[in-house]
Amino acid sequence: MDDEILQEFLAESWENLGRLDSEIVALEKSPENAELLASVFRTIHTIKGTCGFIGLTRLGAVAHAAENILGQMRDGTLAVTPAAISIVLEAVDVIKALLQGLEATGKEPEGDHSKLIAKLDLLATVADGPKVLPAAAPDPAPQEAVTEVKLVVASTPVAAPLPAAIPATPQAAVPPAPAPAAPIAAPVPAASKAAAPPVERRLEADEHEAEGDARKSVADLSIRVNVEVLDSLMNLVGELVLTRNQLLQLARGDDESKYAAPITHLNRVTTDLQEGVMKTRMQPIGNAWSKLPRLVRDLMQVTGKSLDLEMTGAETELDRTVLDAIKDPLTHMVRNSADHGIESPEVRRSKGKSETGKIRLHAYHEGGHVIIRIEDDGAGINVQKVKRKAIEKGLLTEADADRMSQAELLALIFRPGFSTAEQISSVSGRGVGMDVVKTAIERIGGTVELMSTEGHGTTVRIKIPLTLAIISALVVESGGESFAIPQLGVVELVRLSAEDRNTRIERIHNQEVFRLRNRLLPLVHLHRQLKLSCSRSDDASEDVNIVVVQVGEDQMGLIVSEVFDTEEIVVKPVGTLLKDIGIYQGTTILGDGRVIMILDVAGIATECGGKAVNSALRDRAAAEDANSDAGSLTSLLLFDAGNESTMAVPLSLVARLEEVPRSNIERSGDRLVVQYRGDLLPLLPVDGAYGRPELDPQPVIVFSEGQQSMGLMVDQIQDILEERLVIRMQSRRTGVLGTAIVNGKATDIVDTNHYVMQANPDWFTSTEQPSQRRILVVDDSLFFRQLVTTALESEGCRVTTAESAVAAVERIEKGERFDLIVTDLMMPMMDGFEFAEWLRSRPESQSIPLVALTSLGQANHEARALQAGCDRFLQKFNAQLLTTTIDDLCYRAQSRHGVSA
Amino acid sequence: MSRAATLEASPLRDGMSHQLDYENQYVSFRLGTQWLGVPVNVVQEVLNPQSIRRVPRAPSEVAGLLNLRGQIVTAVDLRQRLGLPEYNDERGSMNVVVRHGQESFSLLVDDVGDVINVSGQKLEPVPNSLDAQWKAVTKGVFRLEKRLFVILNVPAVLKFG
């Protein structure tokens with residue numbers, strides 16, 4: 001057998017079979033889809049035809065039997081049932097196995113498939129029997145043949161295997177003849193088949209040739225190229241890029257050079273060539289998905305769950321190497337969703353969900369990246385369980401765990417050696433955990449984020465680069481070494497002169513920040529992060545170079561000692577011995593032959609405080625409010641917290657300012673207290689400050705929360721200012737809510753809640769605690785309803801949700817009472833503005849605090865929302881800001897109530 | 001090259017090399033006075049001292065990266081890996097480049113000797129009392145006529161951190 005023909009046959013068959021699995025599964029769902037059926041039929045038919053042509057009898061027999069079934073399905077004589085589909089899939093598997101053997105040995109593997117063929121044939125007979133029997137025998141046959149021709153022609157205008165109808169006609173015409181004797185119809189087609197081969201083969205050979213002719217027009221437009229050829233081409237282009245860079249470097253600064261013009265031309269051609277070669281490697285992401293419908297179908301049968309896989313954006317293109325790298329992680333995650341995420345139908349029913357679990361895959365381009373979302377509406381992840389397990393496994397201590405946010409706890413799932421499934425199932429198995437997924441994604445410079453709401457589902461968001469091969473990078477120097485920073489993440493470069501560095505770089509505690517236009521940019525000395533010594537950037541007489549990089553929603557400034565040019569670099573993977581370092585995403589060779597590391601800014605940001613981890617849920621307010629000047633002013637109390645640092649607190653949260661004579665301060669156990677209005681007021685210093693015992697009297701700020709009060713000992717009360725309070729940076733330090741710009745200075749805002757809780761540790765268990773706040777959340781997005789609910793419930797609120805303003809109106813009209821309402825603005829039927837107006841128009845609801853929580857831009861909509869009756873305008877979604885706002889509003893409403901009562 | 005001359009005269013010439021007998025052939029190299037070897041079929045090539053870029057925050061056993069005709073090779077400081085003092089010689093370390101997995105690694109050694117054929121000899125286990133750091137990375141030892149020849153387990157050498 002001609003080897004080349006065989007290779008061609010294998011390549012074509014694999015390509016077709018890749019598509020086949022998903023098509024057959026899709027067919028099961030929409031049995032009436034004639035086009036799909038025709039396509040499936042065609043694939044099998046082509047395989048069968050080619051088998052006959054090159055003499056692969058075993059493969060041909062299986063394909064033929066499968067084709068018979070599909071032909072009958074297409075003709076409507078056999079119903080597309082799950083059972084029938086299962087048998088067809090079985091046949092496809094056998095075909096695959098045979099092809100694999102063929103590929104490995106060059107010969108058709110031995111094996112007996114008569115059972116499967118008998119099964120297929122039996123199915124075919126069953127269909128033939130009842131359907132044909134009542135029909136007038138001679139009539140349907142020609143008709144069938146005609147429809148077939150039409151179908152095939154209609155769906156393949158180019159490679160129309162028109163002659164296909166020729167073998168089909170006699171075949172289709174044969175069975176009806178013995179039809180009246182239905183019970184013994186079975187052996188007859190089989191016999192006719194046995195007798196047919198020489199003719200059939202001949203006909204199909206003709207057909208193949210004919211197809212070959214017809215296909216020429218397609219072949220003119222596309223050719224099959226071995227992937228290795230493309231890969232080596234890509235490598236060569238990589239080398240060319242490096243050489244080009246070298247030449248550019250040599251010619252730089254010498255405009256007179258006679259080489260200048262040709263080098264410029266070479267530069268342009270190289271760039272075009274590079275783009276062109278990259279394009280040849282782009283493939284739709286659907287190629288990585290094609291196996292998933294089959295996988296999900298198999299999982300349904302194994303687990304007994306009912307699953308629905310929805311895939312959108314399959315046409316999104318990305319580099320072949322990236323595609324290869326994400327195939328397994330994607331499969332793993334879909335399997336995880338199906339196995340661990342989606343509950344059994346009984347559980348789903350009992351929870352009021354539809355019995356069929358939904359798994360959604362969605363891919364799209366965003367910037368130079370591809371985003372893939374994998375969502376399921378299953379049980380979600382139990383954060384407490386994760387926490388327990390992590391402690392059990394010794395991944396962290398209980399104390400650490402208690403300090404972690406929900407998002408941080410969720411991220412534990414990605415730690416090596418973590419698996420949350422209570423039972424090891426045969427489907428997901430053990431060993432391959434989410435850590436493997438994360439490693440695989442990160443190896444190609446991607447990131448994984450996980451969001452989950454218990455009881456409602458899990459969303460995984462993967463962000464991967466379009467291509468790995470060649471990127472544009474900024475070359476910088478720090479600590480005497482050069483590094484590359486991917487240009488994609490670089491927002492801008494800032495250079496500060498030596499005179500300016502002391503005034504422009506400010507400090508919050510030990511964090512250096514830089515005021516870049518209207519936002520606070522945390523600064524990181526790159527050489528310190530890299531543990532390199534003696535960088536020039538430390539020298540006060542040197543200018544400061546800041547590379548502003550984007551990490552998720554956040555920005556960060558990297559201080560480097562020198563910024564060189566941008567270069568096109570060929571990314572090579574980080575060696576296995578270095579891959580655990582976490583701050584490198586690759587290595588590369590520069591134009592001058594030097595090997596340098598490519599920095600992973602996301603990794604650096606994570607090290608500098610894990611800020612990038614939950615960026616998806618962070619508010620965008622900080623980024624957007626710079627262009628908005630609207631907004632109410634807040635009175636802030638400024639005080640000296642010791643260590644010469646100024647802090648602020650919204651005046652509305654301050655109950656009183658006192659000066660306590662030192663002699664009145666008493667010690668009770670390990671706490672300081674003062675007798676105050678017939679009660680004991682606990683006193684606390686500002687966290688991290690030591691307090692100054694020589695202060696007499698001691699200035700104290702009294703905070704109250706419900707029935708509880710405490711006094712914060714400060715060094716000095718400084719001022720009260722009216723300022724628009726915008727928390728620009730969340731803080732991870734206890735006792736600090738975040739940082740805002742007050743009076744032109746970066747100032748920490750005190751988290752009063754923290755101190756009140758600390759002073760009254762039993763606050764949560766206190767029986768005197770005011771009854772839980774009842775909060776109504778109105779949002780048409782299930783995701784946000786869940787998100788907000790989780791955030792508020794964790795703060796001890798009782799949350800009711802409404803999926804539309806209309807539903808909310810109903811509840812309120814029925815007499816339900818709420819302490820506060822959080823509403824979305826953009827909703828169908830009745831929007832948030834109308835809802836606010838309605839609320840304010842009724843005397844009994846006009847004083848309920850109302851918070852607008854929206855993804856609309858602040859600049860255009862805040863004023864309108866406030867005018868409509870909202871008390872606050874918040875952007876989706878910052879949980880902490882929401883809860884403090886709610887605290888504040890409820891507190892005000894309560895005190896207002898108190899006054900009027 | 002003068003170093004080649006010293007190698008020529010190395011005391012390890014007692015094993016005669018036979019071509020195509022890769023099973024029994026080992027590339028020999030020296031750390032201090034100790035002669036060590038790795039199977040010849042994992043060795044890609046042997047290089048003179050190279051310019052090696054260090055990698056900040058890399059494990060101390062990783063000396064850095066080197067550019068081998070466009071291929072990036074991780075250099076492992078074998079002295080550091082085996083707990084020996086630093087090599088201070090102006091001539092610099094030689095590179096024994098080995099393949100492991102899909103990657104190339106360069107083992108930095110003081111000196112490279114011949115390819116030694118040990119056919120007919122028995123690989124004996126290293127003594128139990130050997131330093132744990134060594135025991136973990138050695139396969140065994142050949143008693144050559146004049147020297148002991150310790151065979152390294154390459155995958156184990158490249159597994160640390």
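**Close-up views of a two-chain predicted model**

**View 1. Helix H27 of chain A against helix H28 of chain A.** A:Phe833, A:Ala836 and A:Glu837 in H27(A) meet A:Arg864, A:Ala865 and A:Ala868 in H28(A). Contact here requires that the C-beta atoms of two residues, placed from the backbone, lie within 7 Å. By class, this contact has 4 nonpolar, no polar and 2 charged residues. Ala, Val, Leu, Ile, Met, Phe, Trp, Tyr, Cys and Pro count as nonpolar; Asp, Glu, Lys and Arg as charged; the others, Gly among them, as polar. H27(A) spans residues 832–841 and H28(A) residues 858–868; their axes come within 8 Å and cross at roughly 25°. H27(A) is therefore roughly parallel to H28(A). Angles under 35 degrees count as roughly parallel, over 145 as roughly antiparallel, 65 to 115 as roughly perpendicular and the rest as oblique. Axes are lines fitted to C-alpha atoms, for helices over the stretch in contact, and angles between N-to-C directions run from 0 to 180 degrees. Helices (H or I, at least four residues) and strands (E, at least two) are DSSP runs, numbered from the N terminus.

The model is predicted: local features need pLDDT of at least 70, side-chain atom pairs count only at pLDDT 80 or more, and totals for chains, interfaces and linings use all residues. Residues are numbered from 1 along each chain as its sequence is written, while chains are lettered from A and ligands numbered from 1 in the order in which they are written.

**View 2. Helix H13 of chain A on helix H14 of chain A.** H13(A) covers residues 292–303, H14(A) residues 320–341. They pack at an angle of about 30°, with their axes 10 Å apart. The two helices are therefore roughly parallel to each other. H13(A) passes H14(A) in a right-handed crossing, the term for a near helix turned clockwise from the far one by less than a right angle (left-handed if anticlockwise). From H13(A) come A:Leu292, A:Leu295, A:Val296, A:Leu299 and A:Thr303. They meet A:Thr331, A:Val334, A:Arg335, A:Ala338 and A:Asp339 in H14(A). The residues of this contact divide into 6 nonpolar, 2 polar and 2 charged.

**View 3. Strands E11, E12 and E13 of chain A.** E11(A) (residues 505–508) and E12(A) (residues 511–516) pair in the antiparallel sense over 4 bridges. Pairing requires at least two DSSP bridges between two strands. A:Arg507 stands opposite A:Glu512 in E12(A). The hairpin of E11(A) and E12(A) has 2 residues between the strands, and A:His509 takes a positive phi near 55°. E12(A) is also joined by 4 bridges to E13(A) (residues 519–525), and these strands run antiparallel. A:Phe514 has A:Leu521 in E13(A) as its bridge partner. The hairpin of E12(A) and E13(A) has 2 residues between them; A:Arg517 in the turn has a positive phi of about 50°.

**View 4. An open sheet in chain B.** Its 5 strands have the order E8-E1-E2-E10-E9, with mixed pairing. E8(B) (111–117) and E9(B) (138–143) stand at the edges, each with a single partner strand, so one side of each is left without a neighbour in the sheet. Neighbouring strands are turned by 30° against each other on average, direction ignored. E2(B) (residues 34–39) and E10(B) (residues 148–152) pair in the parallel sense over 2 bridges. B:Gly37 has B:Ile151 in E10(B) as its bridge partner.

**View 5. The surroundings of B:Val97.** This residue is found in strand E6 (residues 94–100) of chain B. B:Val97 counts as buried because it has 20 C-beta neighbours inside 10 Å. The cut-offs are 20 or more other C-beta atoms within 10 Å for buried, 12 or fewer for exposed and partly exposed in between, with C-beta atoms placed from the backbone. Leaving out residues up to four places away in sequence, B:Val97 touches B:Val43, B:Gln44, B:Glu45, B:Leu47, B:Leu68, B:Val73, B:Ser104 and B:Ser106. The C-alpha atoms of B:Val97 and B:Leu108 are separated by 8.7 Å; the two residues are 11 residues apart along the chain.

**View 6. Where chain A touches chain B.** 19 residues of chain A are in contact with 17 residues of chain B. On the chain A side, the elements that give two or more residues are strand E17 (584–589) and strand E18 (595–599). E18(A) gives the most, with 3 residues. The chain A side divides into 9 nonpolar, 4 polar and 6 charged residues.
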